[in-house]
Amino acid sequence: KSRVAALEKKGAKVPQEVTDAIATAEDTVVKVNAAQTLDDIDAIGDIPGTLDQVSQTIQEQLPNLERLANLPKIYSRIDKQLKMFDRQLASDQALAKRLKLDISGEVADFEGTLSKLKDAYAAAKAQIVSGDVAGGFDALQSDVFDAMDGIGEHHANIQQISKLSATISQAGRDLAKFQRQISNLKRQGKDTAAAQAVLDEGAAKAVELKTVAAAKPIDPDTVFGVLQELQDIRDRFVQELDKLTGTQVQSDLDAGIQSQTLNIPDLGNLTGGSAGQGQAGQ
């Protein structure tokens, strides 16, 4: 009774079957204590069976009451998160109107996913109100909280795609810079064929990026796939450039290739005396 009273103070609505079970237990205890003879005990009925049923009801319902007591906090968290999603969606919708790139598809997906999330939230709340507390909480976990983990990806994708024009421009500048580096190395007599082949591959991939960016609407999966391929090409090109410039890359170290020893001139040759004298002077 004390625990139920505390949960009621927190706002939990105690099911009638719990109230009835407690009343039955109290009534049974009163009758047992008032009994004077074995006949009085027999007249009470199946005392162990009655108390077992009361215990079972309490054990089944008390966890639900604990959950119900936490509902205000849970709903507050969900409502706060939904408001944030609403703000993000409004921001993305405004961005779609002024952005030259067509992100309408991803914005529509964001809106649809958020709408489904709100519907699932309303359904879970209704399930709890109907008395199916355990089922409602399971729905809150699987259909609301778990779904929130993925819905944020829509906004993140839109924000990344919105920077695509700048990414394309930067790719163009990088390609031009890399081409100048290759040209300088070629004039030095370096064999730049492998590096040039990778750079040409990167230039073609940059053109492909412009093509997918012009799609109406943009397909985020395609865009991110091309961006990843472009990054892989860039990494391979840097490795080729390292080979041409003599820079030792980490893969060489991992393979156990020993670095060259530095040929330090004798200090004596630099000071006009012997190295030994220089060290002694120090």
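Biologist: Why is Glu-26 called partly exposed?

Modeller: Buried means under 20% relative accessible area, exposed means over 50%, and partly exposed lies in between (1.4 Å probe, protein chains only). Glu-26 has 36% relative accessibility, so it counts as partly exposed. This is a predicted model: local features need pLDDT of at least 70, side-chain atom pairs count only at pLDDT 80 or more, and totals for chains, interfaces and linings use all residues. Residues are numbered from 1 along each chain as its sequence is written, and side-chain values use heavy atoms, with hydrogens and water left out.

Biologist: And what makes Lys-1 exposed?

Modeller: The relative accessible area of Lys-1 is 62%, so Lys-1 is exposed.

Biologist: What makes a helix here?

Modeller: Helices are DSSP runs of H or I with at least four residues, and strands are runs of E with at least two, numbered from the N terminus. The protein has twelve helices and zero strands.

Biologist: How many salt bridges does the rule give?

Modeller: The count is eight. One of them joins Arg-234 and Asp-174, at 4.0 Å from N to O. Arg-234 is in helix α9 (residues 220-245) and Asp-174 in helix α7 (residues 164-187), 60 residues apart.

Biologist: Is Asp-174 buried or exposed?

Modeller: Its relative accessible area is 16%, so Asp-174 is buried. Arg-234 has 32%, so Arg-234 is partly exposed.

Biologist: Why can such side chains pair at all?

Modeller: Side chains of opposite charge can pair when their charged atoms come close.

Biologist: What is Ile-41 in contact with, beyond its neighbours within four places in sequence?

Modeller: Contact means heavy atoms within 4.5 Å. Leaving those neighbours aside, Ile-41 is in contact with Val-32, Ala-35 and Ile-47. Ile-41 lies in helix α3 (residues 38-44).

Biologist: Why is Ile-41 called partly exposed?

Modeller: Its relative accessibility is 28%, so Ile-41 counts as partly exposed.

Definitions and conventions: Salt bridge = Lys/Arg side-chain N within 4 Å of Asp/Glu carboxyl O.
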